[in-house]
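Biologist: I am new to this structure and would like to learn how to read its features one at a time. Could we start with a single residue and then widen the view?

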Amino acid sequence: MSREHDIYLKNVKKNKVKLAFFRISILVIFIALWEIAANLKWVDPFLTSSPSRMFQSFMSFVNDGTILRHIWVTCYETILGFTLGTIIGTIIAIILWAMPFVSKVLDPYLVVLNALPKVALAPIIIFWVGNGVTAIIVIALLISIVTTIITVLTGFNEVDKGKMRLMTTLQSNKYQKLKYLVFPSNIPVLISALKINVGLSWVGVIMGEFLVAREGLGFLIVYGGQISQLNMVMMSIVILSFIAFVMYKLVAILEQKLADIK
């Protein structure tokens with residue numbers, strides 16, 4: 001290893017440490033200021049809660065053994081909705097890519113479905129599939145599936161035309177074009193769709209839990225608001241933020257692994 005390369009690696013490592021330090025410092029300072037402001041009554045702790053109050057609320061749920069159940073229910077619904085929305089959306093995008101005429105026919109309908117607020121469909125979905133976990137998963141799926149279709153299909157259609165003509169000249173069929181050119185060229189697009197779907201799936205699940213759930217973090221947020229326990233509400237939001245961040249980082253790790261393979 002050359003000296004220049006060794007210096008470069010050290011600088012990269014140093015920058016990563018510096019970046020992590022500043023990120024953690026901002027979080028620690030924010031939490032400390034929040035706690036101080038609440039204790040000194042600069043802000044009303046009833047309205048804004050405080051880190052210590054949220055921790056006490058969290059420990060009360062830990063002691064009665066229910067917090068893990070609420071977290072598990074929400075994570076299960078989110079992961080299932082996220083996975084189904086991504087897989088089904090990608091499959092539909094592949095079918096539409098393989099059938100250009102059908103894709104053009106359905107294009108305005110996809111635009112309308114993407115613009116339509118999915119919360120407006122929630123009451124209908126509840127009547128169709130029942131008042132329970134299934135309805136929540138379907139809502140999460142519907143929110144992510146249309147975005148996945150549009151994102152992936154756009155990426156498929158923007159593959160280098162010269163390479164497509166070359167494969168056509170070589171008498172490649174649709175499957176071969178998809179396998180050896182279209183799909184590999186759109187790995188970044190698929191990763192972007194995954195990142196988008198992480199957020200959309202959480203939105204769908206929490207929206208569904210607001211309407212029909214009897215357990216889960218979304219239910220705790222609604223229930224806490226109803227009984228004026230904002231400590232419970234803020235605690236649930238913080239837990240949601242942390243889990244969503246973990247899911248996003250997992251997708252980022254997958255992206256890095258795929259980049260290393262390439």
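Modeller: Let us begin with the surroundings of one side chain, keeping in mind that this is a predicted model. Leaving out residues up to four places away in sequence, asparagine 186 touches Gly155, Phe156 and Val159.

Biologist: Where in the chain is asparagine 186 found, and does asparagine 186 count as buried or exposed?

Modeller: Asparagine 186 sits in the loop that joins helix 9, residues 174-185, to helix 10, residues 187-212. Buried is the word for a relative accessible area under 20%, and asparagine 186, at 2% relative accessibility, therefore counts as buried.

Biologist: Which backbone atom does the side chain of asparagine 186 reach?

Modeller: A polar contact is a pair of N or O atoms within 3.5 Å. In this model the side chain of asparagine 186 reaches the backbone nitrogen of phenylalanine 156, at 3.5 Å, and Phe156 is also one of the residues that asparagine 186 touches.

Biologist: What is the phi of glutamine 171, and is glutamine 171 buried or exposed?

Modeller: Glutamine 171, which is not a glycine either, has a positive phi of about 65°, and its place is the loop between helix 8 (161-169) and helix 9. Exposed means over 50% relative accessible area, so glutamine 171, at 71% relative accessibility, counts as exposed.

Biologist: Could we also take a residue inside a helix, such as serine 103 in helix 5? Which residues is serine 103 in contact with?

Modeller: Serine 103 lies in helix 5, which covers residues 100-115, and, with its neighbours within four places in sequence set aside, it is in contact with Leu96 and Leu153. Its relative accessible area is 11%, so serine 103 is buried.

Biologist: What is the radius of gyration of the protein, beside that of a compact globule?

Modeller: The protein has a radius of gyration of 23 Å, whereas a compact globule of 262 residues would have one near 18 Å. Along the principal axes, its C-alpha atoms fill a box of roughly 75 × 65 × 30 Å.

Biologist: What can be said of its surface and of its charged side chains?

Modeller: The protein exposes about 16200 Å², of which carbon and sulfur atoms supply 70%. There are 23 positive and 13 negative side chains, and the centres of these two sets lie 8 Å apart.

Note on methods. Residues numbered from 1 in each chain as written. Predicted model: local features only at pLDDT ≥ 70, side-chain atom pairs only at ≥ 80, totals over all residues. Heavy atoms only, no water. Rg over C-alpha atoms; globule rule 2.2 N^0.38 Å. Areas by Shrake-Rupley, 256 points an atom, 1.4 Å probe, with all protein chains shown as cover. Lys, Arg positive; Asp, Glu negative; His and termini not counted. Charge placed at Lys NZ, Arg CZ, Asp CG, Glu CD. Helix = DSSP H or I, 4+ residues; strand = E, 2+ residues; numbered from the N terminus. Buried < 20%, exposed > 50% of the residue type's maximum accessible area, 1.4 Å probe, protein only. Polar contact = N/O pair within 3.5 Å; in protein donor to acceptor, adjacent residues only side chain to side chain. Contact = heavy atoms within 4.5 Å.
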